[in-house]
Amino acid sequence: MTSKMDSKGEQKIPVDILYDLISRFVINIPEDERKNMVRICFQIEIAHWFYLDFYCTEENPHLKTCSMKEFTIMILKHIPDLKHHLKNVESILMEWREYKRAVPTYGAIVLDEDLSHVLLVQSFLAKSSWGFPKGKVNEEEPPLRCAVREVFEETGFDISGLIDEKEYIEITWNEQVTRLYLIPGVDRATVFRPRTRMEIKAVEWFPLADLPTDRKKNTKDATTPKTRKGPTNPNNFFMVLPFVKRIRQWVNQKQPRRQRHKSVTDADMLGRQHRKSTCENGDQPKQMTQQQMFAASLQAEVQENNLLRMQRAVSTGPLHTPLSAPPRPQAQNRRDKTSIKRQLFTGDEDKNGVIPKSQQNGRTKNGLTSRQNGTAPFLARAWNNFKFDRAPIYAAVQSPLRSAGIPVS
């Protein structure tokens, strides 16, 4: 298959390709619309897009691009009923462009409840090609009303209760403005019945993740819903391609993001705080070793424990000390030193190390409780009966010395 040149030196598209494009997009126009050349020009434009996108590729270097005017002339030459319009091609295209600029297209991108599938329609005119339900706006018709009307005509589904005037994707494609409103939350079990005759051949759901975004990628693109036998040619979705990426971006914004949970130890958090503080001081952050982080964690725990003890001591202090009065610095330092150590004795023990029963109720010699004194005595029952006996200790130390022949006094 090679391109040829006519007698005037103009490029010619191979006849088999022209017939394929004519049968796809032009020949099946309803009879009552064949007299409207503006309507025919819109179908010729779709065929022109298809030729440029899917025939003029790197795999077919012999096929060259052409203008809309050149393409229209070649199409009209091969349709007997339209040949007589060749002499008025320039005026016909001018009228079509003026109408095209003034009349935008409105429709909808209908998605299912989990935003994973989109609704596409297949036209009798485009044969195997799929697209979104949309159409030209009527004179003085608001965009929302046009979108609702077109979707209802092509699918039989009323989106008037779901449409949001602020949620849409709009592109300008070959000088034509197309705005598609986003309609999420439609049940995939919905039955669609087109209301127009000989315009929509099929209405099907397609997985959004499988729709092609690039006509040159030979990946597993969307499959035809009825057959599901394998990947469908991306050429069948050339009218969907410009919208797919923006639909996916919109879906990603609407779907809730999963929170990433990570367990962070106190030592890890202290290490981060250390690095942050060094950065704020102008120094380079240094990586803390595991031993340093453990020591920092232990120090933080001790400080927290001291703070709790101080708060408890202040809240249970002498009656003449206001609860809101902060402790004096010297007293606070002494309290910090004593609170780190575990208080095993209170100073009220007798010479045998036993606390008298009169003092076991928590009162000390000065008449205050040990808690009010700023100490926290350890009053376990085993310590109350403790008696220091030197004889067993001396015997345990002297026994190995005597067995070794060392004299012990």
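Here's a quick look at one helix, one loop asparagine and the cysteines in this structure. Keep in mind that the model is predicted. Helix α5 covers residues 143–155, asparagine 236 sits in a loop between β9 and α6, and the disulfide count comes out at zero.

**Helix α5**
- With 13 residues, α5 runs 18 Å from its first C-alpha to its last, close to the 18 Å you'd expect at 1.5 Å a residue.
- Its buried residues are Cys146, Ala147, Val148, Glu150, Val151, Glu154 and Thr155.
- Those buried residues pack against five strands: β3 (105–112), β4 (117–123), β6 (134–136), β8 (176–186) and β9 (200–207).

**Asparagine 236**
- You'll find asparagine 236 in the loop that links β9 to α6 (241–254).
- Asparagine 236 has a relative accessible area of 11%, so it counts as buried.
- Setting aside neighbours within four places in sequence, asparagine 236 is in contact with Ser128, Ser129 and Trp130.

**Cysteines**
- A disulfide here needs two cysteine sulfur atoms within 2.5 Å, and by this rule the count is zero.
- Cysteine 56 is in no disulfide: the nearest cysteine sulfur belongs to cysteine 66 and lies 6.7 Å away.
- Is cysteine 56 buried or exposed? Its relative accessibility is 14%, so cysteine 56 counts as buried.
- Cysteine 146, one of the buried residues of α5, has a relative accessibility of 0%.

Conventions:
Residues numbered from 1 in each chain as written. Predicted model: local features only at pLDDT ≥ 70, side-chain atom pairs only at ≥ 80, totals over all residues. Heavy atoms only, no water. Helix = DSSP H or I, 4+ residues; strand = E, 2+ residues; numbered from the N terminus. Expected span 1.5 Å × (residues − 1). Buried < 20%, exposed > 50% of the residue type's maximum accessible area, 1.4 Å probe, protein only. Contact = heavy atoms within 4.5 Å.
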